[in-house]
Amino acid sequence: MYYLSKIALWLTIIGGINWGLIGVANFNLVSLIFGDMSILSRIVYILVGLAAIWLIYEQFAPDTIMIDRK
């Protein structure tokens, strides 16, 4: 679960940066790299959405699910 949470965090950060670029500069980095709504860009959008859902679940899940790695 620890690694899944780290991957979800990084995907969500990437998605947030992309949305920030869209809002500030009307520049979509994912579309630039993978093509405008190509299958690869759609996969990236799906993964970012799933990562956000995972982080929401993890935030409200009982503490027994979280593994403390300090």
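I began with the fold: the secondary structure comes to three helices and zero strands, where helices (H or I, at least four residues) and strands (E, at least two) are DSSP runs numbered from the N terminus. From the N terminus on, the elements run α-α-α. This is a predicted model, so I kept to its rules: local features need pLDDT of at least 70, side-chain atom pairs count only at pLDDT 80 or more, and totals for chains, interfaces and linings use all residues. Residues are numbered from 1 along each chain as its sequence is written, and side-chain values use heavy atoms, with hydrogens and water left out.

**Entry 1: overall numbers**

I looked up burial for the protein and found that buried residues make up 19% of its 70 residues. Buried here means under 20% relative accessible area, exposed means over 50%, and partly exposed is in between (1.4 Å probe, protein chains only). The protein exposes about 5500 Å², of which carbon and sulfur atoms supply 72%; the areas come from the Shrake-Rupley method with a 1.4 Å probe, and for residues only the protein chains shown count as cover. I also checked contacts, meaning heavy atoms within 4.5 Å. Among those between residues at least 6 apart in sequence, 50% join residues at least 24 apart.

I took α1 next, which has 24 residues and reaches 34 Å from its first C-alpha to its last, close to the 34 Å expected at 1.5 Å a residue. The expected span is 1.5 Å times one less than the number of residues. Which residues of α1 are buried? I found S5, A8, G15 and N18, and these buried residues pack against α2 and α3.

Just after α1, N26 takes a positive phi of about 55°, and N26 is a residue other than glycine. N26 sits in the loop between α1 and α2 and, at 70% relative accessibility, counts as exposed. I noted M37 alongside: its phi is also a positive value near 55°, again in a residue other than glycine. M37 is in the loop between α2 and α3, and its relative accessible area of 44% makes it partly exposed.

**Entry 2: polar contacts to N28**

What does the side chain of N18 make a polar contact with? I found the side chain of N28, at 3.2 Å. A polar contact is a pair of N or O atoms within 3.5 Å; within protein, one must be able to donate a hydrogen and the other to accept it, and residues adjacent in sequence count only if both atoms are side-chain atoms. N18 belongs to α1 (residues 2-25) and is buried, with a relative accessible area of 5%. Leaving aside neighbours within four places in sequence, N18 is in contact with F27, N28, L29, V30 and Y45.

I then turned to S31, in helix α2 (residues 29-34). The side chain of S31 makes a polar contact with the side chain of N28 (3.2 Å). S31 counts as buried at 15% relative accessibility. Leaving aside neighbours within four places in sequence, S31 is in contact with D36 and Y45.

I compared span and expectation for α3: its 22 residues should span 32 Å at 1.5 Å a residue, and its end C-alpha atoms are 32 Å apart, which agrees. Buried in α3 are S41, V44, V48, A51, W54 and E58. Why are they on the same side of α3? They cover an arc of only 140° around the axis, with the arc taken over the directions from the helix axis to the C-beta atoms. What covers these buried residues includes α1 and α2. On the other side of α3, I39, I46, L50, I53, I56 and F60 are exposed.

**Entry 3: aromatic pairs**

How many aromatic pairs are there? I count two, by the rule that rings of Phe, Tyr and Trp (its six-membered ring) pair if their centres lie within 6.5 Å; planes under 30 degrees apart count as stacked, over 60 as edge-to-face and the rest as tilted. The rings of Y2 and Y3 have centres 5.3 Å apart and planes at 75°, so this pair is edge-to-face. Y2 is partly exposed at 26% relative accessibility, whereas Y3 is exposed at 59%.

The rings of W54 and Y57 have centres 5.5 Å apart and planes at 45°, so this pair is tilted. Both residues lie in α3 (residues 39-60), three residues apart, about one turn of the helix. I noted W54 as buried, at 18%, and Y57 as partly exposed, at 41%.
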